[in-house]
Amino acid sequence: MPQKIRAFNSFDLAVLLLRFWLGAIMVKHSTDYLFGGKMEELGNYMSTLNFPLPEITAYASQYVAFVTAVLIILGLRVGALILTFTMGIAVLFAHKMLIFTEGELAFNYFAMSLFIAIAGTGKYG
């Protein structure tokens, strides 16, 4: 019995909880845009930033966020790698690197996905 207690790894549990939280919140945000009528607003915002094909880019960003969130929940590291790239673009261009004001949330998602991409999905991934 004591060996099982020693075998418990708090790091793996922390990574599991982080994966579930990041995945769940990214599913929520992406479905809010995709199915909540916010895509036109996002497309218009992207056009003000001179993104190429802003409507298509808006849909692509939200579908990527949704799919990568599911991959992260399932414990696939590739989801975290792709989400890191996607959120990095959002922080750099959409939020103008304002990580202490309007871009704070996007930067936090970037940081969480970067951590999972570097550390891996843990024993439970």
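**Reading the helices and the pocket**

Tutor: The crossing of α3 and α4 is right-handed, where a crossing is left-handed if the near helix is turned anticlockwise from the far one by less than a right angle, and right-handed if clockwise. This is a predicted model in which local features need pLDDT of at least 70 and side-chain atom pairs count only at pLDDT 80 or more, while totals for chains, interfaces and linings use all residues. Residues are numbered from 1 along each chain as its sequence is written, and side-chain values use heavy atoms, with hydrogens and water left out.

Student: How many helices and strands does the protein have?

Tutor: The protein has six helices and zero strands (DSSP runs numbered from the N terminus, H or I over at least four residues for helices and E over at least two for strands). From the N terminus on, the order is therefore simply α-α-α-α-α-α, and the C-alpha trace spans about 60 × 30 × 20 Å along its principal axes.

Student: At what angle do α3 and α4 pack?

Tutor: Two packed helices are described by the angle between their axes and the distance between the axes. Helix α3, residues 39-48, packs against helix α4, residues 54-74, at about 120 degrees with the axes 8 Å apart (lines fitted to C-alpha atoms, for helices over the stretch in contact, with angles from 0 to 180 degrees between N-to-C directions). The pair α3 and α4 is therefore oblique (under 35 degrees is roughly parallel, over 145 roughly antiparallel, 65 to 115 roughly perpendicular and the rest oblique). In α3, M39, L42, G43, M46 and S47 meet P54, T57, A58, Y59, S61 and Q62 of α4, contact being heavy atoms within 4.5 Å. By class, this contact of α3 with α4 has six nonpolar, five polar and no charged residues (Ala, Val, Leu, Ile, Met, Phe, Trp, Tyr, Cys and Pro are nonpolar, Asp, Glu, Lys and Arg charged, and the others, Gly among them, polar).

Student: At what angle do α2 and α4 pack, and how far apart are their axes?

Tutor: The angle between α2 and α4 is about 155 degrees and their axes lie 8 Å apart, which makes α2 roughly antiparallel to α4. Their crossing is left-handed. Residues making the contact include F20, L22 and M26 of α2 and Y59, F66 and V70 of α4, and those of the α2 and α4 contact divide into 16 nonpolar, five polar and one charged.

Student: How do α2 and α6 pack?

Tutor: Helices α2 and α6 pack at about 135 degrees with axes 11 Å apart, so that α2 is oblique to α6. Here α2 passes α6 in a left-handed crossing. Among the residues that meet are F11, W21 and L22 in α2 and L105, Y109 and F115 in α6, and the α2 and α6 contact divides into 13 nonpolar, two polar and one charged residues.

Student: Which residues lie nearest the centre of the largest pocket?

Tutor: Rolling a probe the size of a water molecule over the atoms shows where empty space is left. L42, Q62, M87, A90 and H95 lie nearest the centre of the largest pocket, among 25 lining residues. By class, that lining has 17 nonpolar, seven polar and one charged residues. Helices α2 (10-35), α3, α4, α5 (77-94) and α6 (104-119) each supply at least two lining residues, and the largest share, six residues, comes from α5. A pocket is, on a 1 Å grid over the protein atoms alone, an open set of points where a 1.4 Å probe fits, with protein on both sides within 12 Å along at least five of seven lines, and lining residues have an atom within 4 Å of a point.
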